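These are my notebook entries on the structure shown below. I record what I looked up, step by step.

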Amino acid sequence: MALKNIESVPGGPDGPPPGLIQLITADGIRVPDPAYDPLVADVDGAALQGLYEDMVVVRRIDAEATALQRQGELALWPPLLGQEAAQIGSGRALRRDDFVFSSYRENAVAYCRGVDLTDILRVWRGNASSGWDPYAINMATPQVIIGAQTLHATGYAMGILNDGDDAVAVTYFGDGATSQGDVNEAMVFAASFQAPVIFFCQNNHWAISEPVGLQAHVPIANRAPGFGIPSVRVDGNDVLACLAVTRQALARARSGGGPTFIEAVTYRMGPHTTADDPTRYRDANELEDWAAKDPLKRLEAHLDSRGLFDEAFTAAVKAKADAVAAELRAGCLDMPEPAPSDVFKHVYSTPNSWLDRQQDHYERYLSSFADSASSDGSS
Amino acid sequence: MSTLTFGRAINAGLRRAMDNDPKVILMGEDIGKLGGVFRITDGLQKDFGAHRVLDTPLAEAGIMGTAVGMAYRGYRPVVEIQFDGFIYPAFDQIVCQVAKIHYRTQGAVKMPITIRVPFGGGIGSPEHHSESPEAYFTHTSGLRVISPSNPQDAYTMIQQAISSDDPVLYFEPKRRYHVKGEVDEGSDPAASSMEKACVVTEGSDVTLVTYGPLVPTARDAAVAAGDDGVSVEVIDLRSLAPIDFETVEASVRKTGRLVITHEAAQSGGLGAEIAASITERCFYHLEHAPVRVTGFDIPYPYSKLEFHHLPDLDRILDGVDRVLGRPNSLSGLER
């Protein structure tokens with residue numbers, strides 16, 4: 001069976017097709033856009049520097065976590081390398097009372113939500129099934145079942161509607177997830193109930209080893225209008241454009257305009273996870289093409305062109321990234337080990353007779369070792 | 001006390017739960033204007049509004065997944081799955097999300113979702129409308145699974161399920177929807193537990209354990225056995241996960257004989273779990289190996305054959321004869 005090559009799919013590495021929203025080119029040139037410029041009119045030089053710092057920091061988190069995995073301190077890590085702009089641009093658009101339902105790769109979004117850095121690592125070190133209290137940062141913990149979280153976001157948004165609130169639910173997922181029934185059902189429900197939800201699809205071109213051409217033969221954003229949901233394709237490596245389109249979608253949702261679908265066209269520059277080897281399935285040239293569109297480099301060039309990239313600024317950003325990396329590493333190494341009885345905790349919110357009995361028996365079993373150890377010693 | 005059908009008793013319980021807590025919302029297919037294909041939610045959308053009784057698109061995974069989001073937002077969704085055989089598209093959301101989010105989030109996020117499932121056969125329906133999928137869910141940690149057998153329990157247990165902070169599957173024996181019974185609508189659901197089994201007929205020779213649709217059948221079997229001089233104790237489990245093994249064990253310690261009957265297929269079913277658990281708990285009190293009288297390991301058959309598949313009074317009595325060592329259909333068969 002012949003599959004369409006991803007180069008022939010709009011959004012492939014051949015460059016932005018018509019309709020792709022871009023405010024800063026890969027060379028760092030700010031291109032005017034009458035529709036989207038007003039949405040980011042407040043983003044001055046200092047704010048752009050802030051977005052740059054965010055991207056440097058999350059890239060550093062990614063590098064540090066990857067190193068921790070290589071050093072045996074984490075079992076696994078899903079890098080977001082290359083997707084910093086999509087996550088920071090959208091994440092910084094959100095209000096505190098908005099609620100995020102993401103996959104497992106949105107650590108930069110979690111950073112924007114103010115997550116405790118150590119909490120990002122708990123799952124990957126094997127110390128917990130999830131890292132944080134979702135209500136503390138208004139972000140659900142990472143979803144592993146592909147696309148399942150889009151329905152949760154839609155239901156949450158239906159709850160917002162019932163409450164008469166103007167918060168928005170935002171769900172993150174990838175190009176692979178768009179093949180899932182859950183994502184399609186979520187769009188049906190969101191449209192039917194006009195739920196205030198944003199579908200933020202990071203088309204990073206790869207679902208482990210499967211190219212986006214296997215998931216879709218049309219631009220992914222083109223699907224949403226078929227559900228009655230307005231959509232937009234944005235250059236996912238352009239942090240300013242990602243901020244702009246997310247703000248637009250948020251404004252629509254807050255004012256009763258219902259859902260929006262955003263396809264952020266970006267690229268997963270690293271492996272799917274630290275257990276993956278992309279050299280087995282993708283061309284090194286493709287990676288090179290996308291490296292030329294790196295989200296950090298383009299903002300760096302843009303800031304430099306405006307005289308906003310001097311040594312004092314870069315030194316401050318480096319110091320911040322170093323401090324975050326040190327905090328992350330220390331938090332990882334200092335994480336307390338779970339107790340054996342924790343395995344039974346929180347399965348139910350109230351006592352369960354079956355589980356209580358199993359726990360009781362297991363604790364007796366464990367304590368039998370303590371007994372035999374002491375009797376061995378005395379005999 | 002009022003006399004209500006099983007179906008109206010569920011309706012009354014839903015109404016009371018919705019009156020008591022504005023966070024209780026109903027979601028499902030055709031549950032609004034139509035009142036559900038079995039009319040269980042009849043009149044509730046009219047009285048509580050379309051924002052609390054939601055007719056949803058025809059997508060069970062969608063219903064379940066959005067219910068999860070609603071629960072995240074602080075709601076207590078009550079989901080109607082139209083028929084037992086339609087629950088499978090929602091299976092992933094139930095097993096991977098509903099059942100596990102409390103554990104995953106270390107107790108931070110509760111999933112107080114009630115999943116109502118009309119289940120079981122005996123109504124002459126085509127494929128997918130008569131199944132007994134309860135064991136899939138009793139095998140899934142994080143879920144509670146219950147099944148009422150009479151109008152009073154239907155009324156009380158639906159309210160207990162809704163007020164539970166854990167997700168509850170509430171299996172409704174659809175062929176008993178029209179059975180009438182006395183219901184005390186003023187009773188306090190918090191005064192009893194949905195997880196306590198009930199001895200519905202006392203006896204001393206054989207313990208007969210069942211739940212849901214087969215409870216009336218088992219009671220009839222006990223009467224018939226009594227006419228034959230055999231005293232059968234019938235236990236209505238009410239809760240399938242967890243099972244109140246203490247009540248079953250106490251009975252088996254008395255009778256020494258255990259028969260389990262359910263409509264669901266035999267292999268890997270609840271009967272196996274009950275037989276194993278009771279054998280572990282009181283092996284030396286057993287006079288005979290536990291016996292299961294269940295549906296066969298077949299897809300639910302077409303309606304003209306369904307009464308061969310469903311355990312009935314005579315098949316149950318044959319099982320009773322087996323544990324008593326009396327002449328039975330398998331006499332002389334050494335396996």
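This is a predicted model: local features need pLDDT of at least 70, side-chain atom pairs count only at pLDDT 80 or more; totals for chains, interfaces and linings use all residues.

**Entry 1: chain A as a whole**

I looked up the elements of chain A and found 14 helices and 8 strands. I then checked the radius of gyration of chain A, which is 23 Å; the globule rule gives 21 Å for 379 residues, and the two values are close, so chain A is as compact as a globular protein of that length. The C-alpha trace of chain A spans about 85 × 50 × 50 Å along its principal axes. Of the 379 residues in chain A, 45% are buried. Among the contacts in chain A with a separation of 6 or more, I noted that 77% are between residues 24 or more positions apart.

**Entry 2: helix 6 of chain A**

I turned to helix 6 of chain A, residues 148-163. At 1.5 Å a residue, its 16 residues should span 22 Å, and the end C-alpha atoms are 23 Å apart, which agrees. Is this helix enclosed or open? I found that 13 of its 16 residues are buried, so helix 6 of chain A is largely enclosed by the rest of the structure. After helix 6 of chain A comes A:Gly164, which has a positive phi near 70°.

**Entry 3: where chain B touches chain A**

I recorded that the contact takes 35 residues from chain A and 32 residues from chain B. On the side of chain B that touches chain A, the elements that give two or more residues are helix 3 (60-72), helix 4 (91-98) and helix 5 (101-104) of chain B. Helix 3 of chain B gives the most, with 9 residues. I sorted the residues of this side of chain B into 13 nonpolar, 13 polar and 6 charged.

**Entry 4: a UniProt span in chain B**

In an unreviewed entry, UniProt lists residues 4-179 of chain B as "domain: Transketolase-like pyrimidine-binding". I found this span to be 36% helix and 17% strand, with its end C-alpha atoms 8 Å apart.

**Entry 5: B:His288**

Where is B:His288 placed in chain B? I located B:His288 in the loop between helix 10 (270-282) and strand 14 (291-295) of chain B. It has 14 C-beta neighbours inside 10 Å; a buried residue needs 20 or more and an exposed one has 12 or fewer, so B:His288 counts as partly exposed. Beyond its neighbours within four places in sequence, B:His288 is in contact with B:Arg257, B:Val323 and B:Gly325. I also noted that B:Gly256 is 32 residues from B:His288 in sequence, while their C-alpha atoms are 7.3 Å apart in space.

Terms used. Residues are numbered from 1 along each chain as its sequence is written. Chains are lettered from A and ligands numbered from 1 in the order in which they are written. Helices (H or I, at least four residues) and strands (E, at least two) are DSSP runs, numbered from the N terminus. The radius of gyration is taken over C-alpha atoms; the globule rule is 2.2 Å times the number of residues to the power 0.38. Two residues are in contact if their C-beta atoms, placed from the backbone, lie within 7 Å. UniProt positions are given in the numbering used here, feature names are shortened, and annotations may be inferred rather than shown by experiment. The expected span of a helix is 1.5 Å times one less than its number of residues. Ala, Val, Leu, Ile, Met, Phe, Trp, Tyr, Cys and Pro count as nonpolar, Asp, Glu, Lys and Arg as charged, and the others, Gly among them, as polar.
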